[in-house]
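Visitor: I'd like to know where the labels in this kind of description come from. Could you take me through them one at a time?
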Amino acid sequence: MASFRLNRKNAISFRSFQSQPDVYANAIDNYAHDRALHLGKKLHAQLIINGLARLTIIASKLIAFYTECGKLSHARKLFDKIPVTNIRRWIALIGTYARCGLYQEALGVFWDMQRECLKPNKFVIPSVLKACGHILDWKTGEKIHGISVKCSFEVDAFVNASLIDMYSKCGHVEKARKVFDEMVVKDLVALNAVVAGYAQHELAEEALVLVESMQSLGVQPNIVTWNTLIAGFSQKGDEVMVSDLFRLMLADGVEPDVVSWTSIISGLVQNFRNEEAFDTFKQMLSHGFCPTTATISTLLPACATAAKVKHGRELHGHALVIGVEEDIYVRSALVDMYAKCGFISEARTIFCKMPQKNMVTWNSMIFGYANHGYCNEAIELFNQMEKEDENKIDHLTFTGALTACCHAGTIELGQSMFKIMQEKYKIAPRLEHYACMVDLLGRAGKLYEAYDTIKSMPIEPDLFVWGALLAASRNHGHVDFAEIASKHLLELEPESAGNRLLLSSLYADAGKWEQVVRLKKMMKRKRLRKLPGCSWIETV
DNA sequence: ATAGGGTTAG
């Protein structure tokens, strides 16, 4: 009797002990889904107090929660507190990171796992390869390839398809093809991964040849294959081939879907055929297809001039109606579109209501400010990004911020940013950064410093760098530097009439009329003519 | 656990 009671008591307490963590686990899941960082933190504090935070199940959920909220350091700290008992937890964390787009973190955990001498299984390899593919790190991908071979995973269809995808994304299409050729049983996913590799690197013809040869071996293309081919030819601007494929696909009994349409539209936008892109979009709608986030965000850059803002607003309306306005791609493209069209406050409104921002979101807003003369706002936003989202700062962020410094004429700030970029963020200056620095110094009349900057460059200056020096020389009437700059410009860009006009007006300013006549004669001889400036106004 | 269409650029 006594033992029965004891057992029952144990059973009850065991059950309540079991159910309580489940309740908390669910709550954390919900907070992760809503990205309710504040509420989640409060719950975490409570779990530390009642001791449940130590449970593996709770800790795992908290890791997922912080990961979802973008608080990686929190996630990692928790992870490191959990004793390593089995590899499944490592693999789950790697998978979570890879799915969330946190590729560096995924790889970091993978190498930690290797350091702990835990053998990877074949399930973790695709996640890690996906991470390599996205960050274009084929060197690491190749190491993973080696590990896969050593572990005899190379017969696995998932591992092979992931290897092909990784090499394809990194531009090593021939390595991808080699993996495919060595596969004993070639499946459709692997084929499509090679086809994508070809299509995305302007080798659509190769892709087509491969698909045809596989067809003769009995592997039939599916809608993914067709859409990949369409995307490949559409990016190349080969519209004849695109419509042929569209027909072939129909004849094959495969119905084109919204991805097929979006691929065509994307190609048209890439090739600056905006009108046709919109026509195709209308055709797509008339065929009864509902646009997706990809359709909207691919079309928005085609509306990024003041004359096209009406189209942009229409797309914004579509996004609201079909309920995809919250998508980060759509919103980033909207921020950029409104900013480029000059509707800075509308851009800012969308920007501010975004709970998650990516580098494109931040950079678009910073560029929007910088290009419209809101230099202080651009610089303030850069400071805000440093505080809130430092890890998303990249070379474009600095281009935007330096452009703002240029327009504002804040030399010291520009110089310190140029330094911070290299020293703190380890970003090697690119041509556009040097062009900004030359522009910044040149505008202030510091032509010697500007020229010293050019001479210190470890990379070959391009026409924007020399152009900045030439423009500054012209504005400050400095003929010597103008001659140096124009000499380089002529070497780099012999066809550019604009630079010569700039130079000739400099000579005119300086009173060297005979030089002007000589230059203009030379331009006439080469039949170079500066295109007249033009603007676009939408007629209703 | 793998394959297709998407946002920033002087």
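Predicted model: local features only at pLDDT ≥ 70, side-chain atom pairs only at ≥ 80, totals over all residues.

Visitor: What makes a residue count as near the strand?

Guide: One of its heavy atoms has to lie within 4 Å of it. For DNA strand B, 50 residues surround it, with Asn 192, Asn 227, Thr 292, Asp 327 and Lys 340 the closest. Of the DNA strand B atoms that come within 4 Å of the protein, sugar and phosphate make up 41%.

Visitor: How do you know that Thr 293 makes a polar contact with a base nitrogen of DNA strand B?

Guide: The cut-off is a pair of N or O atoms within 3.5 Å (within protein, one must be able to donate a hydrogen and the other to accept it, and residues adjacent in sequence count only if both atoms are side-chain atoms). A polar side-chain atom of Thr 293 sits 3.1 Å from a base nitrogen of DNA strand B, so the pair qualifies. Asn 222 has such a pair at 3.2 Å, and for Thr 262 the value is 3.5 Å.

Visitor: Why are H3 and H5 called roughly parallel?

Guide: Helices are DSSP runs (H or I, at least four residues; strands are E, at least two), numbered from the N terminus. Axes are lines fitted to C-alpha atoms, for helices over the stretch in contact, with angles from 0 to 180 degrees between N-to-C directions. Under 35 degrees is roughly parallel, over 145 roughly antiparallel, 65 to 115 roughly perpendicular, and the rest oblique. H3 (residues 56-68) and H5 (residues 87-99) cross at roughly 15°, their axes coming within 10 Å. Therefore H3 is roughly parallel to H5.

Visitor: What makes a crossing left-handed or right-handed?

Guide: It's left-handed if the near helix is turned anticlockwise from the far one by less than a right angle, and right-handed if clockwise. H3 and H5 cross right-handed, whereas H7 passes H8 left-handed.

Visitor: Why do H7 and H8 count as roughly antiparallel?

Guide: The axes of H7 (residues 124-134) and H8 (residues 138-150) cross at roughly 160° and come within 9 Å. That angle is over 145, so the pair is roughly antiparallel. Contact means heavy atoms within 4.5 Å, and here Ile 125, Val 128, Leu 129 and Cys 132 of H7 meet Thr 140, Gly 141, Ile 144 and Ser 148 of H8.

Notes. Residues numbered from 1 in each chain as written. Chains lettered and ligands numbered in written order. Heavy atoms only, no water.
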